[in-house]
Amino acid sequence: MEIKDLQPQVAFSIFDEITKVPRPSKKEEKIRQYLLDFAKKHGLAVKTDKVGNVVMSKPATPGHENAPTVIMQGHMDMVCESNDKHFDFENSPIPVEIDGDWVRTKGTTLGADNGIGMAASLAALTDDSFEHGPLEALFTVDEETGMTGANNLGEDMISGSILLNLDSEDDAEIFVGCAGGVDTQAFFTYKRSFAPKDFLYFKINIEGLNGGHSGGDIHLGRANANKLLARFLFNLSTKHDVVVSEIDGGNLRNAIPRASHAVIGVHTSKKEVVRTMLNNYIADLENEYKGLEPNLKVTMESVDTPDFTIDEATSLNLIRAIYSAPHGVISMSRELEGLVETSTNLASVKMMADNKIVVTTSQRSSVESRKWDIANQVEALFLLAGAEVTHGEGYPGWEPNMESPIMKITRDAYKELFDVTPAIKAIHAGLECGLFLTKYPHLDMVSFGPTLRDVHSPSERMYIPAVERFWAHLKRTLEKVAELKK
């Protein structure tokens, strides 16, 4: 069976089309054109704004013209992570496959975050088998790397009073709040030094980690490749002279880094000492992460003498800062049991042009003051290490409204369909809802979706039976809203 033949076919056939359209963050031109072509094919009104967001609309079925307008919302872009460093996300389709009750891929992110939300919205716009009020479908750009679309949504793009964010990842759960977030970047400027001739050079490589979503998976205690690398380099540098020629780890601010590497040099007399230290370190990691990181792999290979090394002061400051920088859960919510309140993700370390190295971190919190507190702690640490530090614009959290009318409607719709009362929750991951409220404070919003696992990693997968429930839930919610009057 092919993906397009799965049930509900009306949604899976569109999802199958979406997986064939490249859509990295900030490079949504192809998926935007797909949406415009889809609207034209199905006779749907469509408009765009200056940043590239797309809105389609469909009139109410006869007799429901006076019902509130519902906005179905998802984002166009996807996180691009692959076990194959040469996979071309800008031009290649996602290699999707069926594995029992799951849809997954062959070593890349699936893009069900948020491809399935887009597919469900498009299906609702084209399926004439159920009654609904006026519908709008909003597709935003660049949710994964900055929420540029939601932050710059054009005036008069949407007119509805109810928004269904279809970007959540757990069946039988309805979300009414989310954390806010802000990125912090530290810039180190180094001088190039001659690579010592009496040194041997090695590439230390850490790979095979699970990674995952820096909001949804941060509480699981998974290893951070950047932290593991810095830990070894710090311990090595306290005992022996070490030079660093290259360092790289992680990719995206909202993904826990799965791999990192460094090219280092030690005196020729220390070759076996370094090998022994690394073997002991590997044994420690295998014990510490037993059962949690089964595919963890740490290797060391000889390389040629590099053209240059990073000056000693900068390399030591960088290693010490990465090693000591916080990562993971900072505090848990005292209001909602089991909810992470505040966290930070040491996301990536990249060498740039002009002799600069940038360390990117991402902070989240459901408490605005705590979000900035942890961001400022990260800033203070890197300032002490001699780096220049900047913060992004960030995005606000979405404060839960336990009296939300649409929450009650979606809750009742799920219970009617499946005789299960869904859990009402807030999520530590960032959703665009908080930004929508800043421009449209009248909106009544919830977020729901099917079961996804290991998003933002090549292990990302989607549970097929949950998609069928998700689709039925969306339709029944729209039907119940259609019974209301403005």
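How many nonpolar, polar and charged residues does the lining of the largest cavity have? I looked this up and found five nonpolar, four polar and seven charged residues, with Ala, Val, Leu, Ile, Met, Phe, Trp, Tyr, Cys and Pro counting as nonpolar, Asp, Glu, Lys and Arg as charged, and the others, Gly among them, as polar.

I note that the model is predicted, that local features need pLDDT of at least 70 and side-chain atom pairs pLDDT 80 or more, while totals for chains, interfaces and linings use all residues. Residues are numbered from 1 along each chain as its sequence is written, and side-chain values use heavy atoms, with hydrogens and water left out.

**Cavities.** I searched the whole structure and found four cavities of 30 Å³ or more; on a 1 Å grid over the protein atoms alone, a cavity is a set of points where a 1.4 Å probe fits but cannot get out, a pocket is an open set with protein on both sides within 12 Å along at least five of seven lines, and lining residues have an atom within 4 Å of a point. Grid points are joined across faces, edges and corners, and a volume is the space filled by probe spheres set on the points. The largest cavity holds about 130 Å³, and of its 16 lining residues E143, E144, H213, A429 and G430 lie nearest the centre.

The largest pocket has about 840 Å³ of space, and E81, S82, N83, R258 and A259 are the closest to its centre among the 37 residues that line it. I divided that lining into twelve nonpolar, 15 polar and ten charged residues. For the second largest pocket I noted a volume of about 550 Å³ and 24 lining residues, with D170, E173, G216, H219 and I427 nearest the centre. The lining of this second pocket has ten nonpolar, five polar and nine charged residues.

**Rings.** I found eleven aromatic pairs (rings of Phe, Tyr and Trp, its six-membered ring, with centres within 6.5 Å; planes under 30 degrees apart are stacked, over 60 edge-to-face and the rest tilted). The rings of F12 and F15 have centres 6.5 Å apart and planes at 85 degrees, so this pair is edge-to-face. F12 counts as buried because its relative accessibility is 0%, the cut-offs being under 20% relative accessible area for buried, over 50% for exposed and partly exposed in between (1.4 Å probe, protein chains only). F15 is also buried, at 0%.
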